[in-house]
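Dear colleague,

I am handing over the structure we spoke about, and I would be grateful if you read the notes below with the model open beside them.

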Amino acid sequence: MFKISAINGNDRMSTQDLLQAINEALAQGETEFHIDAAGQHDIGGPLWHPEGKPLKFYVTNPGQRVGSMCLEGTEIIVEGSASADVGWLNAGGKIVVKGDGGDTTAHCAALGKIYVGGRVGTRSGSLMKHDPLYEAPEFWVLKNCGSFSFEFMGGGIAVVCGYDSEEFESVLGDRACVGMVGGVLYFRGSAAGISKKDAKVTELDDDDIKYLAGNMDDFLTSIECPELKDELTDWSDWHKVVALTYEERPKKANVKMADFRTGNWVPGGIFSDVCNDDYVVNGVVVKGLYRQRVPVWENAKYAAPCEFNCPASIPSQQRFNLLREGKIKEAYKLVLEYTPFSGSVCGSVCPNLCMGGCTRGEIDISAQIGKLGTYSLDETLQGPEKATGKTVAVIGGGAAGLTMAWQLSRKGHKVTVFEAEAKMGGKMELVIPRSRLPEETLQKELKRIQDMGVTFVNNHKVDAKRFAELKHEFDAVVVASGGHIPKVIPWPGSERLVKGLDFLKTINRGEKASVGKRVVVIGCGNSGMDVALGAYQMGAQEVTCVDVQKPAADPKEIAHVEELGGKLMWPVLTEEVTEEGIVIQDGKIIKADMVIISIGEAPNFDYLPEELPKFRGCLKTADNFSIMDGVFTAGDTIKPGRLVDAIGAANKAASAVDAYLNSTAYEAVTDKERIPANRLSTAYFKKCHTCELPEASSDHNRCISCGTCRDCHMCYKSCPENAISRVQKADGSFEYVSDGDKCIGCGICAGVCPCGIWSMYKNEEPINMYRTYENN
């Protein structure tokens, strides 16, 4: 015997845990269960013994659906009342409730017996059914039912004894037997409100009395009321309800649709004030005005995942499209609209978030967007047609400052970049290892910026006095001095730390840095990995990188360090820096001859007015990137980040500066919505799979061109109505157009489009049949 209480002190067992406990006991061979429940659901079914033995449940205080889907061989006895859905979908069990049953008791019962020693709630006995291959389900109630009882009853036997129910007008409640089509209902006492359209009340015959008399003892004994037998077996008080036959049901005259339209719908009919019938009968397949849906060619409405993920919003899918069309130079030049550092950043040091989100990667390997940037090294863009006469001073020759210089010079402004170091390039020149960013690549791109008309002034440190002069001498000033103050945590012994930024600058100047055999690097970001590479380059034999959290460096940078023998450890909390190395949280020492810290840098604003608002050490700007009248900023001065983050911010800030110089309002560009993945038909591209990757410049066949038409003609060739045509424009562009007089709105064009260009809209004429979105 298995006993369990669902309450332990103030803790209540969940339904799932209770049912799991019952199943585990059943698996051990238990056949008798005593359950002191606390409102848990679904107790008692569907269960079966592994050896086919009968099961018996004694339950108190059950929740909903006690005995739901109860199987043959299971008996459930509820001491007291039960909640709703007792015996729901009963499939053969015997369920006895000694008190009342809730709403929908015996709902959908198909087999077995349900005995209730009290009253039952609304819609009890509804949808009872009977499979002729099995015994009919039985449902006995000692007292009375709530309203809508035995709705849509299709089979089975129900018995309502009407005991202690004299106060009720109807022992079956209101509107009983609505929709009844089968089965038999016996009731004792009065019953008003039975649906006369669906059922009829008759007197008992001998077979009815035989059935009731033969089963009354089992019912009364089960609910422990045998003393009521004499009172309940006066058959003169009983009645029977059965469903009307088809012939007995009231009939409505069939009205032909044509007669209804001409007799009831036309002007003068019941809808004449709101509807004018043109008598047109539309077929199942229609065109033009009566189509359910309209296809719309929405080229470049959405951003491809590569474009969406790129902080500089470079639409690489368009570059691959141009390559596919044979427009090689246009493809290589397109990236320069967004960055002057396609080789130094995109092709060398960028983590290539574009490739991380590439849809092609879900099929095999991402399109080679990063390497594609190196093909633009020898390209440039045409300069401005005319000069504006406006001058801009840029303080800082790093990624943000040089990007703003590039963009503003292209707009016709005269730009001068002031750099405190001997060479332009910021961290690209000073910090990033040459193994990651070749010097010749950076120099080519710096020359491209100069060729656009930008003036470089090196070894020119700007102080407060010089800043005031620049603000007076130039029409606009850009603060892009980046972050060059290494962050140091004041642990005991922190004076022994070597600053990672200074260490990398020493190496990139070509100087030799003494490192010793063992080096510990605190910080596992990309800069930390650069420091580790530099340590190996300077002769270190063992490099250990530690961090308080999971390393934030790009996987390929981590892999490079590990290939050289470097180790990464986390989480590690540094407690002290000693001559032996670093002491960590558990008192252990990681030995080192040199400890280098590389946990980020902060900007230096000692040349700016002190009253400028700041947040966490960075400048706070207006919506147009300005920090004071005529002075703008971008990059690490606003928020530390990656080089590509600085480039993306610089593009937006350059637009703000241009608006200021032209005395126009700055309108921030709203980023496009990323194309939903379910719009793309990637199966089309699986045939392009190859085990060998082509060169990046030839990877256009693998690019899915998410959200931008690749001119594959799939929609044109697939349209069953020949409704789609390709229109070539004078400027070399194209569009696909759907002819409303031919289109049936089937949606095949949207279904086959591999790039997600076609959309189907509800037909609300008039509608623009195609929409083309700006590509930038």
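Predicted model: local features only at pLDDT ≥ 70, side-chain atom pairs only at ≥ 80, totals over all residues.

Residues are numbered from 1 along each chain as its sequence is written, and side-chain values use heavy atoms, with hydrogens and water left out.

The sheet is open and has 11 strands in the order β1-β4-β5-β6-β7-β8-β9-β10-β11-β13-β12, with mixed pairing; strands are DSSP runs of E with at least two residues, helices are runs of H or I with at least four, and both are numbered from the N terminus, while two strands pair if DSSP finds at least two bridges between them. At the edges stand β1 (2–5) and β12 (199–202), each with a single partner strand, so one side of each is left without a neighbour in the sheet. Neighbouring strands are turned by 15 degrees against each other on average, direction ignored (axes are lines fitted to C-alpha atoms, for helices over the stretch in contact, and angles run from 0 to 180 degrees between N-to-C directions).

Within this sheet, strand β11 (residues 182–188) is largely enclosed by the rest of the structure, because five of its seven residues are buried, where buried means under 20% relative accessible area, exposed over 50% and partly exposed in between, with a 1.4 Å probe and protein chains only. Five bridges join β11 to strand β10 (residues 154–160) in parallel, with glycine 182 as the bridge partner of glycine 154, and five bridges join β11 to strand β13 (residues 238–243) in antiparallel fashion, where phenylalanine 187 stands opposite histidine 239.

The largest nonpolar core has 70 residues, of which Phe341, Val392, Val417 and Val657 touch the most other members; such a core is a set of buried Ala, Val, Leu, Ile, Met, Phe, Trp, Tyr and Cys residues joined through side-chain atoms within 4.5 Å. Helix α18 (residues 643–661) gives the most to this core, with nine residues. Apart from it lies another core, of 47 residues, among them Cys70, Val78, Val97 and Val120.

Helix α8 (residues 342–349) and helix α13 (residues 439–451) pack at an angle of about 145 degrees, their axes being 8 Å apart. In this contact (heavy atoms within 4.5 Å), Ser342, Gly343 and Ser344 of α8 meet Thr441, Leu442, Glu445 and Arg448 of α13.

In helix α17 (residues 555–563), the buried residues are Glu557, Ile558 and Val561, and they cover an arc of only 100 degrees around the axis, which puts them on the same side of α17; the arc is that of the directions from the helix axis to the C-beta atoms. The face turned away from this buried side carries the exposed residues Pro555 and Glu563, whereas what covers the buried residues includes α16 (526–537) and β23 (567–569).

Finally, alanine 659 lies in helix α18 and, at 6% relative accessibility, counts as buried. Not counting residues up to four places away in sequence, alanine 659 touches Thr664, Ala665 and Tyr666.

With best regards
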